[in-house]
Amino acid sequence: MNTTAEIKEKVMKPAPGMLMLIIFILGTLAGIGLCILGGIIYSTGLIFLGCLLCILFPVLCVGLKIVNPNEALVLTLFGKYHGTIKSPGFFFVNPFCTAFNPTASDLTAGSEKSALEVVEKTRKASGKKVSPSKKVSTKTITLNNSQQKVNDIDGNPVIIGSIVIWRVANPTKAVFNVENYFEYLSTQCDSTIRNIARLYPYDSAAGNDEMTLRGSSLEIADRMKRELQAKADEAGIEILEVRITHLAYAEEIAAAMLKRQQAAATIAAREQIVEGAVGMVKMALERLEGDDLIILDDERKAAMVSNLLVVLCGDKDAQPVVNSGSLY
């Protein structure tokens, strides 16, 4: 039984930061002016008030926050969820609010080496340097999942790799429901791909219309997306696309499976050749008999069929033998 209280996302509409910054600057200047004036007229009260303003307004500047496009800022106040800023801009919030992002804390402290590896792996394609930030990126990110060895439904070892295109749809869930949403997604991706790959064969026998990893990669990738999305909902992550990027037999059976595929292809080609050759022989006999060019008994028909099949089905060019004697 899950007793954890679900935290609902609360989108904040904070005060404009530029206006508050102007007020802070004017207040600080006013405090400095009061200190000077109090010194001139020897007023302790004005000096005290001026010093108070000079201290208060710079402290309030801590509440100024900048949120870039496709970023979100999750704020807590004295250990409780305060709200989430999802709109880009320059804002002012309660100066006692702190940004909350456990993933950034792990990267800063260096306590989770695997977290850094996951982040670097997910952002490798973009070529950007990883920098720990309290802000939650809502940009589309590509997770290049490492290749892994799994057994298909027939027990054959298969090497499979994939990419997952995703984004953070709910920053509040991403930072509160899981410890590290990068690592969480990477682990769930490995588990989902491994479990799905076990349900299908790598390839099917000739004439079989069942779904296979090689022949139905788009359908299987779509199922991977649905199952991965069901697990990623807990972390507020939206899965945009899953694609299989690498699929091959493991090295220990690759040679044997290649021979089996070659044999199956050879048999299929032979069947087509024989089917065509039989049709050609049948047509030749019907034309010969229909035009009354030559009348053959059953023995001669059998010999003619045998010769034509050898010529049509052979791998090498036939060497003709010219009979200069009588027909019989």
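These legends describe close-up views of a predicted model. Local features need pLDDT of at least 70 and side-chain atom pairs count only at pLDDT 80 or more, while totals for chains, interfaces and linings use all residues. Residues are numbered from 1 along each chain as its sequence is written, and side-chain values use heavy atoms, with hydrogens and water left out.

**View 1. Packing of helix 1 on helix 2.**
Helix 1 covers residues 17-41 and helix 2 covers residues 44-60; helices here are DSSP runs of H or I with at least four residues, strands are runs of E with at least two, and both are numbered from the N terminus. Two packed helices are described by the angle between their axes and the distance between the axes. For helix 1 and helix 2 the angle is about 160° and the axes lie 7 Å apart. Axes are lines fitted to C-alpha atoms, for helices over the stretch in contact, and angles run from 0 to 180 degrees between N-to-C directions. Helix 1 and helix 2 are therefore roughly antiparallel to each other (under 35 degrees counts as roughly parallel, over 145 as roughly antiparallel, 65 to 115 as roughly perpendicular and the rest as oblique). The crossing of helix 1 and helix 2 is left-handed, meaning that the near helix is turned anticlockwise from the far one by less than a right angle; clockwise would be right-handed.

**View 2. Residues between helix 1 and helix 2.**
On the helix 1 side the contact (heavy atoms within 4.5 Å) includes Ile23, Phe24, Gly27, Gly31 and Leu34. Among the residues they meet in helix 2 are Leu46, Leu49, Gly50, Leu53 and Phe57. By class, the contact of helix 1 with helix 2 holds 16 nonpolar, 6 polar and no charged residues. Ala, Val, Leu, Ile, Met, Phe, Trp, Tyr, Cys and Pro count as nonpolar, Asp, Glu, Lys and Arg as charged, and the others, Gly among them, as polar.

An open sheet is formed by 3 strands in the order 8-9-10, with antiparallel pairing; two strands pair if DSSP finds at least two bridges between them. Strand 8 and strand 10 stand at the edges with a single partner strand each, so one side of each has no neighbour in the sheet. From one strand to the next the twist averages 20°. Strand 8 (residues 141-151) is joined to strand 9 by 9 bridges, and strand 9 to strand 10 (residues 237-249) by 11 bridges. Ile141 has Trp166 of strand 9 as its bridge partner, and Ile159 has Ala248 of strand 10. The hairpin of strand 8 and strand 9 has 5 residues between the strands, and Gly155 there takes a positive phi near 90°.

Strand 9 (residues 157-168) is largely enclosed by the rest of the structure, because 10 of its 12 residues are buried (buried is under 20% relative accessible area, exposed over 50%, partly exposed in between, with a 1.4 Å probe and protein chains only). Ser162 lies in strand 9 and is buried, with a relative accessible area of 1%. Not counting residues up to four places away in sequence, the contacts of Ser162 include Leu143, Cys189, Ile193 and Ile244. Val150, in strand 8, has a relative accessible area of 3% and is buried. Val150 stands opposite Val158 in strand 9. The C-alpha atoms of Val150 and Ile196 are 9.9 Å apart, while 46 residues separate the two in sequence.

**View 3. Helix 6 against helix 7.**
The axes of helix 6 and helix 7 come within 10 Å and cross at roughly 140°. That makes helix 6 oblique to helix 7. Their crossing is right-handed. Residues of the contact include Tyr184, Leu185, Gln188 and Ile196 of helix 6 and Ile220, Met224, Glu227 and Lys231 of helix 7. The contact of helix 6 with helix 7 has 9 nonpolar, 4 polar and 3 charged residues.
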